[in-house]
Amino acid sequence: MKINSRKLQKTAGILMVLSIFSALFCGCSRGSGVGEEEQNTFRIVTSFYPMYTMVSGITEGVSGVEVVNMASPQTGCLHDYQLRPKDLVCLEDADLFVINGGGMEEFLSDVFESREDLKVVSAMDALEEAELLPGGEEDEGGNPHTWMNPALYQKEVEYLTDILAKEDPDHAGAYEANAQDSINKIQTLSKEIDRLRTCDSGKEKTGCILLHESFAYLMDAMDIPVVKVMDVEKDSGFSAGELKELVDETKEISRGIIVSDKQYSGKIAELLAEETGFEVVHLDACVSGELKKDAYIDSMEYNLEEWKKCSGEQ
């Protein structure tokens, strides 16, 4: 990895200064299991919302364990995230930093280089390379949005549970019990996905046009053909030429369902639908929302119901 030495020195300097003030404030979003005795607290920091919901399901109600989320739960994906001073403060007292991996947290590369003492765990380390879908130009290797496939999400939960049990053995039993509860709910999602895959196995399935690559994992789980990935990550600001290009690309496809991320306004999806006559479904990429342990389950249940309504599969 090529390192910008000036940027690295600046980051290290910020870390040194902020360490003096780390006891005074922390800009992270605090979640479940906040301990009263900070000196005895096992403190886990998660990089952004999907990692928070995963870890909070494992640590829910465990005394003496604190889970804090670094990036705001309204941030969305981290491709364009800018590191803030309070993020560095947030990491100062972390016993464990849980990240997604796959290049999602590229903005922290200099921090990782300057903080060799920081224990970093990547959820994607639970997966084999063959399980990853192709990524876009900004991705390192495969598509990093693996949490959108419940079967892969379960593997990551199991992996992180093992890590937590080793790092904090006093709470290993509680972590494993919580993880099993989460896994039971995840497996219910997977069973419904399996049912959708098989109920119309003899019928040709309508393909989809994704306006964000994260949904590729959910479509793959449901065995829905992905005809095109357009990665439209904004609601406005398109020039007339860019809009025409999007419309022309969509018109090249004979038929399909347009899959849009519901965190955006949906204007682009609706424009493409008007030009092509395709159906539109607005799904949840599970990258923002309430800080609660079952948020992922709720979002994925919503996605399955919305897909069934749009596609006519029940």
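## A guided look at strands, helices and salt bridges

Strand 2 (residues 42–46) and strand 3 run parallel, and five bridges join them. The chain gets from strand 2 to strand 3 by way of helix 2 (residues 49–59), and this β-α-β crossover is right-handed. Keep in mind as you explore that this is a predicted model. Elsewhere in the structure you can look for salt bridges, of which there are 16.

- Strand 3 covers residues 65–69, and five of its five residues are buried.
- Val65, Val67 and Asn69 point one way from the strand, while Glu66 and Val68 point the other way.
- Asn69 of strand 3 is the bridge partner of Thr46.

**Helix 10**

- Helix 10 (residues 295–311) has 17 residues and reaches 24 Å from its first C-alpha to its last, close to the 24 Å expected at 1.5 Å a residue.
- Its buried residues include Tyr296, Ile297, Met300, Leu304 and Trp307, and charged ones are among them too: Glu306 and Lys308.
- Just after the helix comes Gly312, which takes a positive phi of about 80°.

- Asp261 lies in strand 8 (residues 257–261).
- Although Asp261 is buried, it has no salt bridge: Lys262, the nearest side chain of opposite charge, is 7.2 Å away. A salt bridge needs the nitrogen and oxygen atoms to be within 4 Å.
- The side chain of Asp261 does make a polar contact, at 2.8 Å, with the side chain of Gln263.

- Side chains of opposite charge can pair when their charged atoms come close.
- Lys155 and Glu131 meet through their side chains in a salt bridge (2.3 Å, N to O). Lys155 lies in helix 5 (residues 150–167) and Glu131 in the loop between strand 5 (120–122) and helix 5, so this pair ties together parts that are 24 residues apart in sequence.
- Lys155 is partly exposed at 35% relative accessibility, and Glu131 is partly exposed at 21%.
- Lys244 and Asp248 form a salt bridge whose closest N and O atoms are 2.8 Å apart. These two residues are four apart in helix 8 (residues 240–251), which means about one helical turn separates them.
- Lys244 is exposed, with a relative accessible area of 53%, whereas Asp248 is partly exposed, at 33%.
- Salt bridges that share partners also join Glu192, Arg195, Glu305 and Lys308 into one network.

Key: Residues are numbered from 1 along each chain as its sequence is written. This is a predicted model: local features need pLDDT of at least 70, side-chain atom pairs count only at pLDDT 80 or more; totals for chains, interfaces and linings use all residues. Side-chain values use heavy atoms; hydrogens and water are left out. Buried means under 20% relative accessible area, exposed over 50%, partly exposed in between (1.4 Å probe, protein chains only). Two strands pair if DSSP finds at least two bridges between them. A crossover is right-handed if, with the strands pointing away from the viewer, the path from the first strand over the helix to the second runs clockwise. The expected span of a helix is 1.5 Å times one less than its number of residues. A polar contact is a pair of N or O atoms within 3.5 Å; within protein, one must be able to donate a hydrogen and the other to accept it, and residues adjacent in sequence count only if both atoms are side-chain atoms.
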